[in-house]
Amino acid sequence: MILIVGASGVLGREAAHQLLRAGHRVRILTRVPAQATALAEAGAEVVAGDLTDATSLPSALRGIEAVLTAAHGLLGRGKYRSEMVDDAGHRALIDAAKQASVRHFIYTSVHGASPTHPIDFYRTKYRIEQYLHQSGMPYTILRPSAFMEWHAHNLLGKSILEKGSAIIFGAGDNPTSFVAAHDIAQLLLRILPDEKVRNRIIAIGGPTNPTKNEVAALYGQRA
């Protein structure tokens with residue numbers, strides 16, 4: 001059975017649906033089980049738990065062979081601020097997974113994670129990569145670029161389709177690699193049974209690097 005943490009997000013939700021369609025048994029860890037109704041109806045087992053509550057993790061990991069964590073607290077506040085979710089919460093999850101003898105831990109990091117990145121979130125992601133490596137558990141670290149469904153569509157294209165315009169901060173001419181969560185989930189299906197990708201970092205990006213102005217123009221043409 002595979003445990004997915006962060007199944008309410010873009011990647012976690014897509015991965016859960018693809019894994020279920022492929023015949024995998026999936027368990028979802030969520031703070032609010034009522035919000036995972038669609039996944040439950042699709043066949044997932046839904047359990048209540050919280051990365052900020054280490055005591056809720058061992059029961060969720062019982063009988064689990066692989067973990068995919070796609071949760072983050074980048075925009076969180078208070079109890080769910082980044083330090084509690086992305087740092088302490090993921091350390092607790094890794095510790096609990098090791099105690100439960102999980103055989104494969106798949107961690108969703110971010111493209112560009114490094115100890116010297118100017119953004120705290122990226123430095124935290126790098127620290128958790130190192131913590132996972134030092135845990136001794138077999139792992140795969142995914143470093144995707146910006147999710148197309150969120151950064152290209154929700155934050156830009158959707159407004160063009162619905163309102164005919166969108167706000168672009170800055171000049172809009174910096175190239176960005178967008179990647180579809182759908183494609184990352186398909187890659188995940190290949191990673192799970194493949195022993196060759198254990199203990200590796202896999203960078204994932206899209207086929208081109210369009211600017212936001214180019215993305216907006218494309219949506220305008222489609223509209």
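Biologist: Is D87 buried or exposed?

Modeller: This is a predicted model, in which local features need pLDDT of at least 70 and side-chain atom pairs count only at pLDDT 80 or more, while totals for chains, interfaces and linings use all residues. Residues are numbered from 1 along each chain as its sequence is written, and side-chain values use heavy atoms, with hydrogens and water left out. Buried means under 20% relative accessible area, exposed over 50%, and partly exposed in between (1.4 Å probe, protein chains only). D87 has a relative accessible area of 15%, so the residue is buried.

Biologist: Which residue forms a salt bridge with D87, and which helix holds that residue?

Modeller: A salt bridge is a side-chain nitrogen of Lys or Arg within 4 Å of a carboxyl oxygen of Asp or Glu. For D87 the closest N and O atoms are 3.5 Å apart, and the partner is R127. The pair links distant parts of the chain, 40 residues apart, with D87 in helix α4 and R127 in helix α5.

Biologist: What span should helix α4 have, and how far apart are its end C-alpha atoms?

Modeller: Helices are DSSP runs (H or I, at least four residues) and strands likewise (E, at least two), numbered from the N terminus. The expected span of a helix is 1.5 Å times one less than its number of residues. Helix α4 has 18 residues (82-99), so it should span 26 Å, which agrees with end C-alpha atoms 24 Å apart.

Biologist: Where does α4 bend?

Modeller: The bend at a residue is the angle between axes fitted to the seven residues ending there and the seven starting there. In α4 this angle is about 35°, and the bend is at G89.

Biologist: Which elements do the buried residues of α4 pack against?

Modeller: The buried residues of α4 include V85, D86, D87, G89 and L93. Contact means heavy atoms within 4.5 Å. The packing partners are β1 (2-5), α3 (57-60), β4 (66-69), β5 (104-108) and α5 (120-135).
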